[in-house]
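Welcome! Here is a short briefing to read with the model in view. Take a moment to look it over, then follow the points below.

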Amino acid sequence: MSKLAVIAKITAQDGKRADLAAALQGALDTAEGEPGTEKYILHEDTADANVLWMYEVYTDNDALVVHSGSEAFKALGPAIGPFLAGRPELIFLNPIGGKGI
């Protein structure tokens with residue numbers, strides 16, 4: 001099976017990006033212990049003060065299913081919900097090569 005990558009655009013309510021980033025810290029901490037989660041990196045957008053980006057790489061789709069079904073992931077919605085401006089936008093990709101893959 002091939003690796004799976006996810007790019008998530010997460011938009012905060014005006015002025016709430018720092019709060020949203022802090023609420024995502026639990027997910028970052030949990031991902032450290034997930035064997036199938038290879039990369040789980042939170043980024044601040046340099047052009048939009050309300051946007052965060054998450055870049056994720058999993059060993060395969062099964063690893064994403066495990067991540068998405070975890071108790072920590074289920075708790076994420078209520079933790080970040082008060083700071084969101086809308087639903088996160090998700091893009092799913094199959095990495096095919098390059099440094100770091």
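Predicted model: local features only at pLDDT ≥ 70, side-chain atom pairs only at ≥ 80, totals over all residues.

Residues are numbered from 1 along each chain as its sequence is written, and side-chain values use heavy atoms, with hydrogens and water left out. Helices (H or I, at least four residues) and strands (E, at least two) are DSSP runs, numbered from the N terminus.

**How two helices pack**

- Helix α1 (residues 17–31) packs against helix α3 (residues 71–80) at an angle of about 175°, and their axes are 9 Å apart. Axes here are lines fitted to C-alpha atoms, for helices over the stretch in contact, and angles run from 0 to 180 degrees between N-to-C directions.
- α1 and α3 are therefore roughly antiparallel to each other.
- From α1, the residues L20, A23, L24, A27 and T30 meet A72, L76, A79 and I80 of α3. Contact means heavy atoms within 4.5 Å.
- The residues of this contact between α1 and α3 divide into eight nonpolar, one polar and no charged. In this scheme Ala, Val, Leu, Ile, Met, Phe, Trp, Tyr, Cys and Pro count as nonpolar, Asp, Glu, Lys and Arg as charged, and the others, Gly among them, as polar.

**The two sides of α2**

- Which residues of α2 are buried? They include A63, L64 and H67, where buried means under 20% relative accessible area, exposed over 50%, and partly exposed in between (1.4 Å probe, protein chains only).
- These residues cover an arc of only 100° around the axis, so they sit on the same side of α2. The arc is that of the directions from the helix axis to the C-beta atoms.
- V65 and V66 are exposed on the other side of α2.
- The buried residues of α2 pack against β1 (4–11), β2, β3, α3 and β4 (89–93).

- D60 is placed in the loop between β3 (51–58) and α2 (61–69), and it counts as buried because its relative accessibility is 17%.
- D60 caps the N-terminal end of α2, with a side-chain oxygen 3.1 Å from the backbone nitrogen of D62.
- S2 lies in the segment before β1, and its relative accessible area of 44% makes S2 partly exposed.
- Although D60 and S2 are 58 residues apart along the chain, their C-alpha atoms are separated by 5.7 Å.
- Leaving aside neighbours within four places in sequence, S2 is in contact with T59, D60 and N94.
- S2 and N94 are 92 residues apart in sequence, and 7.0 Å apart in space from C-alpha to C-alpha.

**T37 in its strand**

- T37 is found in strand β2 (residues 37–44); T37 is buried because its relative accessible area is 10%.
- The side chain of T37 makes a polar contact with the side chain of E34 (2.7 Å). A polar contact is a pair of N or O atoms within 3.5 Å; within protein, one must be able to donate a hydrogen and the other to accept it, and residues adjacent in sequence count only if both atoms are side-chain atoms.
- Apart from its neighbours within four places in sequence, T37 is in contact with A31, V57, Y58 and H67.

**Two loop residues**

- G33 is found in the loop between α1 and β2, and at 63% relative accessibility G33 counts as exposed.
- K16 lies in the loop between β1 and α1, and at 31% relative accessibility K16 counts as partly exposed.

Definitions and conventions: Parallel < 35°, antiparallel > 145°, perpendicular 65-115°, else oblique.
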